[in-house]
Amino acid sequence: MPDLTLTGLAKSFGANTVLHDLDLHVEDGELFTLLGPSGCGKSTTLWSIAGLHSPDSGRIAFGDRVVFDGARVDVPPEKRNCGVVFQSYAVWPHLTVLDNVAYPLKLRKVPRRDRARRVEEVLELVELGGLEDRYPHELSGGQQQRVALARALAHPPDLLLLDEPFSNLDAKLRERARDWLRILQQRIGVTTVFVTHDQDEALSMSDRIMVMDGGRVRQVGSPEEIYHEPADEFVADFIGTVNVLGAHVPAGADRSQVWVEGLGQPLAVSPAAPAEGDVRLAIRPERIVVHPSGAPAATPNAVTVKVRSQAFLGDHYRYVVALGDHELVVRTLSRIDHGTELTVELPPEAIRTYAAQA
Amino acid sequence: MSVVAHRSDFRLRGSLQQAMLWPRMMPGLVCGMAFFWAFVLLDPTDTLRGSLWGLGLAFAVRNLAIGYSAFYPALAAIGRDLDLAARTSGAGWWRSMISISLRLSIPAMATCFVLLFVSMLNDADPAVFLVTDETPVMGLTMLQLAATSTGGAVAAFGVIQMLLTVAVLAIGRLFLGKRIHA
């Protein structure tokens, strides 16, 4: 399977620029996720790869094959050999499962016997064997999604492009479908670009994730890097739950000590704050250690706080506590009553600091 | 023309959507006169003006808006993803239209054709400047007969028109009335 390279890709719709000089490289056999809020340009990127949008400039190559290069090369979608699964699945309602899956093979004039064998093979792969003669309206949402996937894999494609394929499934089915799809992708080893705005899907399925915002790349990395070492406040806030606090580093002071508004003591941070002046701190709730009966004496960043609200979430309790002028969300397995004072520890290495946006 | 106007990358597709409505916006007589002069200027041999093809073309263009307004809502109801899925599966634009969008809109096309037939059958205005002795048009002939107070012949033509309409409806239902799975 070829790798995928996007160089300087730009796209505008009228005055609205949706992609700003996007560079991207997806390794052979990798499952690469484009993650971001609605309107960040992730679907535009995917559609540009598929040939359904023509970018204004830039270059797209599948391995050594250039499929788009400014005004010079623009290979139409039917000649790019991508398998695409649309958000709506786009399973043709007037064709049976068999005919849907056989369609790309018929177009490629695959002999009847080979075609039947390949259709059977991909339907077995997506666990839809025996449903060949059903029409889409006789299938569940999950089965329709598998038909769309089988059709995308039938030819077989150089690249598999998935445009939010789980968004129409219920929560339980979505969880099962993503595990199943990840195993399938690893088994067939097809280079895959996956678009989603669901961070759980992105974290659980991807080899690497690219977080996008406003048509720009915020960060590219493994799920662990994206979650534990977010490059900026946007990524920290978009992925998972995070406490973001305003803080200050006095001019000329040690940048590994920051002052949170309303808190009478500085907090140690590691690594040090990137700049003096106003900064933003981000810390994940699960990284905050709760000491209901007080922390040991030498514990760094141990702060006494009062519980403002609590919620039982089945496998843990979620508390909102007051820290200086801010509210802090913490998680713990212990039950603590409303109004109780307790000590929370904010490990310096769990705190990320970012320069405050002007 | 609807699929070109709404499902293609044709550069002038926006103008095409409006252009399909123009022949209906002007009086039928003006439309007929426009075709008359177009044939005179563009076809010096006069083969098209005096033929049924010339008449058919004028009637088709005149009634384009009716066909478009009957067909377009059905086309709009067919998700764009369906033909884009065909494109990414390997079909060119025309093939994706034929095998997916137009295939799914067969019932709407049938309705559109029946409506066009009924409309053309009753239409007379565009033919005023185009008919010859060899290509009389039923609607215009009925008007001429009515003007000379030949009521019986007009009534007979009316019955023929009704029978033709019923026959076309029956044929349409027989061949194109199948339900598409949705």
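# A guided reading of chains A and B

Chain A contains 8 helices and 21 strands, where helices (H or I, at least four residues) and strands (E, at least two) are DSSP runs numbered from the N terminus. This is a predicted model, in which local features need pLDDT of at least 70, side-chain atom pairs count only at pLDDT 80 or more, and totals for chains, interfaces and linings use all residues. Residues are numbered from 1 along each chain as its sequence is written, chains are lettered from A and ligands numbered from 1 in the order in which they are written, and side-chain values use heavy atoms, with hydrogens and water left out.

The C-alpha trace of chain A spans about 80 × 45 × 35 Å along its principal axes. Its accessible surface is about 15,700 Å², and carbon and sulfur atoms hold 47% of that area; such areas come from the Shrake-Rupley method with a 1.4 Å probe, and for residues only the protein chains shown count as cover. Of the 358 residues in chain A, 52% are buried. Buried means under 20% relative accessible area, exposed means over 50%, and partly exposed lies in between (1.4 Å probe, protein chains only). Among the contacts in chain A with a separation of 6 or more, 66% are between residues 24 or more positions apart, a contact being heavy atoms within 4.5 Å.

Helix H1 of chain A, residues 42–50, gives a local view of this burial. Because 8 of its 9 residues are buried, the helix is largely enclosed by the rest of the structure. The buried residues are A:Lys42, A:Thr44, A:Thr45, A:Leu46, A:Trp47, A:Ser48, A:Ile49 and A:Ala50. After H1(A) comes A:Gly51, which has a positive phi near 90°.

The discussion now turns to the interface. Chain A contributes 23 residues to the contact and chain B contributes 21 residues. Together the two chains bury about 1,900 Å², 66% of it on carbon and sulfur atoms; buried area is the accessible area (1.4 Å probe) that two parts lose on being put together, summed over both. Between chain A and chain B there are 6 residue pairs in polar contact, both residues at pLDDT 80 or more. A polar contact is a pair of N or O atoms within 3.5 Å; within protein, one must be able to donate a hydrogen and the other to accept it, and residues adjacent in sequence count only if both atoms are side-chain atoms. On the side of chain A that touches chain B, the elements giving two or more residues are H1, strand S7 (82–85) and helix H2 (97–107). H2(A) gives the most, with 3 residues. That side of chain A divides into 16 nonpolar, 4 polar and 3 charged residues. In this division, Ala, Val, Leu, Ile, Met, Phe, Trp, Tyr, Cys and Pro count as nonpolar, Asp, Glu, Lys and Arg as charged, and the others, Gly among them, as polar.

Side chains of opposite charge can pair when their charged atoms come close. The count between chain A and chain B is 1 salt bridge, defined as a side-chain nitrogen of Lys or Arg within 4 Å of a carboxyl oxygen of Asp or Glu. The side chains of B:Arg87 and A:Glu78 form this kind of pair at 2.8 Å, N to O. The pair crosses between chains, with B:Arg87 in helix H7 (residues 80–89) of chain B and A:Glu78 in the loop between strand S6 (73–74) and S7 of chain A. Both B:Arg87 and A:Glu78 are buried.

Over all chains, the whole structure holds 20 salt bridges. Within chain A, A:Arg218 forms one with A:Asp213 (2.8 Å, N to O) and another with A:Asp232 (3.0 Å, N to O). A:Arg218 is partly exposed at 33% relative accessibility, whereas A:Asp232 is buried at 15%. Elsewhere, A:Arg59, A:Asp69 and A:Arg72 are linked in a network of salt bridges.

Two further buried residues complete the account. A:Arg182, in helix H5 (residues 171–188) of chain A, has a relative accessible area of 12%. Its side chain makes a polar contact of 2.9 Å with the side chain of A:Gln185, and a polar atom of that A:Arg182 side chain lies 2.8 Å from the backbone oxygen of A:Met205. In chain B, B:Asp43 is in the loop between helix H4 (28–42) and helix H5 (52–62) and is buried at 14% relative accessible area. The side chains of B:Asp43 and B:Thr45 are in polar contact at 2.7 Å.
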